[in-house]
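Here are a few friendly notes to read alongside the model. I start with the core and then turn to the cavity.

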Amino acid sequence: MASPSLLTPTPKLQPLLPTSGAPPPSPLPHQNQHHPSRRHFLSLSAVTTATLSLSSLLTPPQAFAAEDEEYVKETSDVINKVRNTISMDKNDPNVATAVAELRDTSNSWVAKYRREKALLGRASFREIYSALNAVSGHYISFGPTAPIPAKRKARILEEMDTAEKALLRGR
């Protein structure tokens with residue numbers, strides 16, 4: 001049984017609005033007669049996008065150099081902090097605070113530089129990222145006072161040395 005509210009197909013199309021011989025109403029005088037077309041909008045947006053893309057490509061080299069200097073400085077600080085933290089004696093009362101500081105430093109470093117596409121291919125970034133992952137993974141799994149095993153510690157220190165050499169070479 002069909003409901004009266006359902007639409008049923010009809011052989012003849014019925015107009016949605018009743019048609020009359022009167023012309024369509026004219027717009028009010030305060031309405032804007034010039035509506036931008038879709039083509040006009042798309043062309044303006046394409047020009048804007050192209051301009052913004054070119055301006056980012058034409059950034060002065062000084063800006064890249066300043067960013068690079070900041071990366072080198074912060075990465076060197078992270079390297080020193082990792083070396084100092086993993087070299088601490090397990091009986092030192094400051095180990096837990098040093099590990100907490102290292103975790104904060106490494107998290108902020110990773111959060112800042114992981115998004116930079118230009119740095120992802122650098123050898124220094126790869127080595128530091130790998131070492132930070134190993135250090136934080138160890139401390140998360142075993143606690144902040146657990147000493148790092150000699151084999152893992154040697155690998156982390158080797159990655160730090162490699163990263164430092166790559167930083168000095170600009171890689």
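1. The largest nonpolar core holds 24 residues, and Val-82, Trp-109, Ile-128 and Ile-156 have the most contacts inside it. Such a core is a set of buried Ala, Val, Leu, Ile, Met, Phe, Trp, Tyr and Cys residues joined through side-chain atoms within 4.5 Å; buried means under 20% relative accessible area with a 1.4 Å probe, protein chains only. Helix 2 (61-86), helix 3, helix 4 and helix 5 (150-168) each give two or more residues to this core, and helix 4 gives the most, with seven. Helices here are DSSP runs (H or I, at least four residues), numbered from the N terminus.

2. A word on the basis: this is a predicted model, where local features need pLDDT of at least 70 and side-chain atom pairs pLDDT 80 or more, while totals for chains, interfaces and linings use all residues. Residues are numbered from 1 along each chain as its sequence is written, and side-chain values use heavy atoms, without hydrogens and water.

3. Beyond its neighbours within four places in sequence, Ile-128 is in contact (heavy atoms within 4.5 Å) with Thr-75, Val-78, Ile-79, Trp-109, Met-160 and Ala-163.

4. Which residues line the largest cavity? They are Val-99, Leu-102, Arg-103, Ser-106, Leu-132, Val-135, Ser-136 and Tyr-139, with helix 3 and helix 4 (123-142) each supplying at least two. Lining residues have an atom within 4 Å of a point on a 1 Å grid over the protein atoms alone, and a cavity is a set of points where a 1.4 Å probe fits but cannot get out.

5. Ser-106, in helix 3 (residues 95-113), counts as buried at 6% relative accessibility.

Note on methods. Buried means under 20% relative accessible area, exposed over 50%, partly exposed in between (1.4 Å probe, protein chains only). On a 1 Å grid over the protein atoms alone, a cavity is a set of points where a 1.4 Å probe fits but cannot get out, and a pocket is an open set with protein on both sides within 12 Å along at least five of seven lines; lining residues have an atom within 4 Å of a point.
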